[in-house]
Amino acid sequence: MTDPDTVLVVEDDASIRDLLASALGFVGFDVRLADDVPQALTSLERETPDAIVLDVGLPGGSGFDVLHLLRSRGLSVPVMFLTARDAIEDRVRGFHLGGDDYVVKPFSVVEVGARLQALIRRSRGSAGWSQGDGVLRYAGLELDDKRHTVHRDGDAIDLSPTEFRLLRYLLSHAEHVMTRSQILEAVWQYDFGGDYGVIERFVSNLRRKVDQGRVPLIHTVRGVGYSLREPSA
């Protein structure tokens, strides 16, 4: 019997924290709790969970601070923001820092549980992609699925788990145009309610990290989707 997946819930509202602990525990997660930034960092020093549910407004700092520290340390654990803030600038900031999902309060605990399971499944590469030595290469861009690394022209590129999966999907279909619906289904694996904006934000992140200062490889096909290709292809 395998050990249950661990989830760290960082939330300062005791009622929400207890609700998540009960609901996520009921569906099989091993739930760890923290109610401020120092507690969250202490918990992460002891053990890296399989996923994190992270409130934005926290005593002792913000969820953005915690995520920035995680990514600066090279930790790719999937992070779901859970917050009352629904302004687009907050979502964009969270995605730019390497967040993987964003749920706005009030929320459904059933939905949170399902999204966490999908995040963990995707972070383990359960989308089923494999090829040869586990490395995809195109025009100086190299993605190593086993080592979870990305390089372009020999330079390492640091990606969040979701950015990595999106790039892997585009690379595995290089020079083909992939529709936004295909990308949502393959990369996110659950219904985003037709919110194609989430793809646009992650593609923007990829361009900033993969294409900035180089010949662009990630292209928008207006009204259709996206394609990873050399400009002449």
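A: Happy to! Let's begin with a word we'll need: a residue counts as buried when its relative accessible area is under 20%. Also keep in mind that this is a predicted model.

Q: Okay, so which residues of α7 are buried?
A: In α7 the buried ones are Ile183, Leu184, Val187 and Trp188.

Q: And how are they placed around the axis of α7?
A: They cover an arc of only 100 degrees around the axis, which puts them on the same side of α7.

Q: What do they pack against?
A: The buried residues of α7 pack against the helices α5 (109-123), α6 and α8 (197-211). The strands β12 (177-179) and β14 (225-228) are partners too.

Q: Let's stay with α6. At what angle do α6 and α7 pack?
A: Helix α6 spans residues 161-172 and α7 spans residues 180-188. They pack at an angle of about 125 degrees, and their axes are 10 Å apart. That makes α6 oblique to α7.

Q: Is that crossing left-handed or right-handed?
A: The crossing of α6 and α7 is right-handed.

Q: Which residues meet there?
A: From α6 you have Thr162, Arg165, Leu166, Tyr169 and Leu170. They meet Gln182, Ile183, Ala186, Val187 and Trp188 of α7. Sorted by class, this contact has seven nonpolar residues, two polar ones and one charged one.

Q: Nice. Now α4 and α8: how do their axes cross?
A: The axes of α4 (residues 88-96) and α8 come within 10 Å and cross at roughly 45 degrees. α4 and α8 are therefore oblique to each other. Their crossing is right-handed.

Q: Who makes the contact on each helix?
A: On α4, look for Ile88, Val92, Phe95 and His96. On α8, the contact uses Val198, Arg201, Phe202, Ser204, Asn205 and Arg208. The residues of the contact of α4 with α8 divide into five nonpolar, three polar and two charged.

Q: Changing topic: which residues are buried in α2?
A: Helix α2 covers residues 37-46, and its Val37, Ala40, Ser43 and Leu44 are buried. Seen down the axis of α2, the buried residues fall within an arc of 125 degrees, so they line one face of the helix.

Q: What's exposed on the other side of α2?
A: Glu45 and Arg46 are exposed there.

Q: And what covers the buried residues of α2?
A: The cover includes the strands β1 (6-10), β2 (30-34), β3 (51-54), β4 (57-58) and β5 (61-62), along with helix α3 (63-72).

Q: Let's do the backbone. Which residues does a cis peptide bond join?
A: Lys105 and Pro106 are joined by a cis peptide bond, with omega about -5 degrees. You'll find Pro106 in the loop between β7 (101-104) and α5.

Q: Why point that out?
A: Because most peptide bonds are trans, and, while we're on the backbone, most residues other than glycine have a negative phi.

Q: What is the phi of His148, then?
A: Phi of His148 is near 55 degrees, which is positive, and His148 is not a glycine. His148 sits in the loop between β9 (141-144) and β10 (149-152). With a relative accessible area of 32%, His148 is partly exposed.

Q: And what about phi in Asp153?
A: Asp153 is not a glycine, yet its phi is positive, at about 55 degrees. Asp153 lies in the loop between β10 and β11 (155-157).

Q: Thanks, that helps a lot!
A: You're welcome!

Technical notes. Residues numbered from 1 in each chain as written. Predicted model: local features only at pLDDT ≥ 70, side-chain atom pairs only at ≥ 80, totals over all residues. Heavy atoms only, no water. Axes fitted to C-alpha atoms, helices over the stretch in contact; angles between N-to-C directions. Helix = DSSP H or I, 4+ residues; strand = E, 2+ residues; numbered from the N terminus. Parallel < 35°, antiparallel > 145°, perpendicular 65-115°, else oblique. Left-handed = near helix turned anticlockwise from the far one by under 90°. Contact = heavy atoms within 4.5 Å. Nonpolar A, V, L, I, M, F, W, Y, C, P; charged D, E, K, R; others polar. Buried < 20%, exposed > 50% of the residue type's maximum accessible area, 1.4 Å probe, protein only. Arc of directions from axis to C-beta.
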